[in-house]
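Grab a pencil and work through these exercises with the structure open. Try each task yourself before you read the solution.

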Amino acid sequence: MAGLKTIIALSFVLAIGFLLVILSSALYSNYYPLLVVATYILAPLPNAICARCSNPDDFIDGAGNGVLDFGRFLTGFFVVMGIALPAVLWHSQIIVMPAMVMSIIGGLLIYGTIISFLMFFQEDTNF
């Protein structure tokens, strides 16, 4: 059972992630690395929406998990895009190398915090 210490630790890691992404933008006067925040905030949404749209009925078997697989695919796409976007911006010389590194590390911390929060605080619905 997750408690107050877990919430404090997750909020601390989330604050460090946002700080790194904001500093990667502000220190080098180029605000393109802030796009990483949007990708990591959007990343868990397809998984959550597709989990709600899939058929949770245990009595009907045979439809498959196509909707869940599509949600996982879109989540993976957003996570890879959050890593690749700063690399592409650096490769095209729009941002500098330290901004790219700080943006990638900060984005991974943000996404890791979101996933940890969902893992620690999800409700089990057992009948």
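**Exercise 1.** In which helix is Ser-103 found? Then work out its surroundings.

*Solution.* Before you start: this is a predicted model, where local features need pLDDT of at least 70, side-chain atom pairs count only at pLDDT 80 or more, and totals for chains, interfaces and linings use all residues. Residues are numbered from 1 along each chain as its sequence is written, and side-chain values use heavy atoms, with hydrogens and water left out.

Step 1: Ser-103 sits in helix H5. Helices here are DSSP runs (H or I, at least four residues), and strands are too (E, at least two), numbered from the N terminus.

Step 2: check its accessibility. With a relative accessible area of 0%, Ser-103 is buried (buried means under 20%, exposed over 50%, partly exposed in between, using a 1.4 Å probe and protein chains only).

Step 3: list the neighbours. Leaving out residues up to four places away in sequence, Ser-103 touches Val-21, Ser-24, Pro-33, Val-36 and Pro-86 (contact means heavy atoms within 4.5 Å).

**Exercise 2.** Which residues of helix H3 are buried, and what do they pack against?

*Solution.* Step 1: in H3 (residues 44-53), pick out Pro-44, Pro-46 and Cys-50 as buried.

Step 1: these residues are on the same side of H3, because they cover an arc of only 165° around the axis (the arc is that of the directions from the helix axis to the C-beta atoms).

Step 2: the buried residues of H3 pack against helix H2 (35-42), helix H4 (66-91) and helix H5 (97-120).

**Exercise 3.** Which side chains meet in a salt bridge?

*Solution.* Step 1: there's 1 salt bridge to find in the structure (a side-chain nitrogen of Lys or Arg within 4 Å of a carboxyl oxygen of Asp or Glu).

Step 1: the partners are Arg-72 and Asp-69, at 3.6 Å, N to O. Both lie in helix H4, 3 residues apart, about one turn of the helix.

Step 2: Asp-69 is partly exposed, with a relative accessible area of 45%.
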